[in-house]
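Thanks, I'll keep this short.

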Amino acid sequence: MSDSIMVEYEYSSFLKRYQEETKSKFIIKNITANFNDKEWQPPTGIQKVYWEWKKDNTPSIPFSGVPFIFVGFKSMMCHQGKDNGAKKKRQYAEAKSKETTQDHSFRKGRFLLQDTKKVGCPAEVHITRICRFPAFKLDDNRERARKAAAVRLREALKRDPIVWEIVYIVKTPAASAHVGHPAIRPALTRRRVYPTDKDIRNVIAKAREEGRQSKIDLQDLVESHKRKCPTDNIHLRLNSGKEDLLFCYQSEWQQKILQLYGKDVCLLDATYRTAPYASPLFFLYVRTNVCYVVAGVFVVQHERTEAVKEALTVFKEWNKNWSPAHFLVDYSEVEIQAVESTFEGAQAVLCDFHRERAWVEWARKPADGIEDQGALLKMLRAIAAADTTETFHQSVDLLTNSSVWRTNSMLRNWFSTTWLAETKRWVAVFRDESLNVAVTANNGAKRQSETLKFRFLDGYKESTLTDMVTVVMNSYVPYMQKKYTELNVRCSSGYKRYNKSVPAFLNNRPKDMVKHVLQRMDTSLGAEDIVSLGGGVFRVKSETKEGAAYTVDFGRASSTMPSCQCQDWKQQCLPCKHFCAVFRSVPGWTWNELAETYRDQPLFVLDPDCFCPGEHRQVSSEPASTVVTDLPHRRKSCKNLLMEECISTLKNIMESVYLLDNETTLLS
């Protein structure tokens, strides 16, 4: 170690110059609380007054006649010294390795030939911050004189303000103290002086990222929007260091949509995974009668259970009677725990589409050793589709007794820990029947996320968080409202008269529902194929299976959900051809005889708020005149819209490929 140096000004300037001259770099090892305290004042009850100091590994202070007290200490070590974060790095590496083997992981692994710069160099810099009292300087270095001066100093501190000064004592290492690496590197290799292109890009990216978190702009945006739309709900808490960022938004229209369609099932989607923003952006979706709609938006600082739960709690306070029975989520522990801890009795259910894609992706990994992927996926799908407890156990036994299960430990570990432990979230038999009516997959919500990304955020890749929130509030949500309104209006008989071949009960219904039922109405089943069992229960023959028949229940006796034993009803919970056969052939048993809990769902009727008051007619076979309110203007075709359509088509093709299990079809 070299001799200590007294610095009578801010030590950082000295240290920076020292590192430049010696071509070295030091990082903080230890620091005490008062070392950086700019507001520090000498205490009135000091216990110890020093005149000199000499101790190993700390800067020595020779006797100068001026008394002093210690304020703080700071030690710095060579940046290639001991790796104090080795344990955390090891834990991170283990967690990262585990994540790459799980589902929904798209992280690419890297193998680093040189995985650390730490070589255990012992070189250290020690800095002491002291407070000196020059007015009490002594020329006499005897013990008696020191004690008397110390007493006078303590008494003076208690009575009146006295003159004091802060001084830093710095102890730097000799060049020979550096071990395991060159003490002075060649100048051209010092990226601090000669930065690479990547270094420059990183600095620019960091500056842009800081700009995206502009607090002033976001605060001004929220205040401006509140003045413009006082009925909208907005909650903003800026990142202050002690509290993380939280932004929640719900327009008056979104609140109405959530109350109308969000009682049974809601969908939670982390849109930031497909958009270029560091802060997680979550959309709260509901399936309406005509499309998926965003019913709420929130941004959190980090994707953690506590943060997502806090945001959901805000929406819960805004919507007093909102308590959905189910939430459709991706396989994310953060989302699952946040949902089920916020809403008592609510169940987080895994999306069918993402479950299927996760299975296909896992089976395709060469490291997992699955040779016959089709056979494995067939067994897994049988478990998911099991509609009775007996069928479920039989399907599980079929898998666990198979040769691929017995010989592949990775399959056993993956499926047992990840999927069998959560069967209540994805197996059909454990799902509430009403869930199939509301929604079975959230890939419809994904399409809406892509609309946000490709249509509204196109050209905003380098924008701030404020810009993104502005686009969502002022463009995307109004677009969704206009789309929802237009689709409802287009389904009305006041927009276009219904074809006479369409049954009266299907007039003024959502178009998807009408198409579904019309396809099932075209059946060869007649009155001779139907047997009434009484109380709204019928036995209807199978149209394709000889000797088979299905029980159709209108749900009148128990006032619960209608039901049919066929697979079509179990998957869609919409009138199948067996229900339609009864509608056509049995007098008095039509759509209006179905249980009210099913028949009167908002998903099966048009939203009257999309029409002018008093103009929307009830479901009737007669055409109704309808006045359209504020239909959105048709957008002109442009390059970006064409690109969006192409990308959307490719996405649909990709999703369809995931659902194919026939190898011949894939090869063709």
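Start with helix α3, residues 143-159, in what is a predicted model.

Which residues of α3 are buried? They are Ala145, Arg146, Ala149, Ala150, Leu153, Ala156 and Leu157. Looking down the axis of α3, these buried residues fall within an arc of 130°, so they line one face of the helix. The spacing is what one expects: an α-helix has 3.6 residues a turn, so residues three or four places apart point the same way. On the other side of α3 sit the exposed residues Arg144, Lys147, Lys158 and Arg159.

Next, helix α17, residues 511-521. Here Met513, Val514, His516, Val517, Arg520 and Met521 are buried. Their arc around the axis is only 165°, which puts them on the same side of α17. The face turned away from that buried side carries Asp512 and Gln519, both exposed. As for what covers the buried residues of α17, the cover includes α18 (567-572) and α19 (577-585).

Is valine 314 buried or exposed? Its relative accessibility is 9%, and because buried means under 20%, valine 314 counts as buried. Leaving out residues up to four places away in sequence, valine 314 touches His235, Leu246 and Cys248. Take cysteine 248: in sequence, valine 314 and cysteine 248 are 66 residues apart, while C-alpha to C-alpha they are 7.5 Å apart in space.

Methods:
Residues are numbered from 1 along each chain as its sequence is written. This is a predicted model: local features need pLDDT of at least 70, side-chain atom pairs count only at pLDDT 80 or more; totals for chains, interfaces and linings use all residues. Side-chain values use heavy atoms; hydrogens and water are left out. Buried means under 20% relative accessible area, exposed over 50%, partly exposed in between (1.4 Å probe, protein chains only). Contact means heavy atoms within 4.5 Å. Helices (H or I, at least four residues) and strands (E, at least two) are DSSP runs, numbered from the N terminus. The expected span of a helix is 1.5 Å times one less than its number of residues. The arc is that of the directions from the helix axis to the C-beta atoms.
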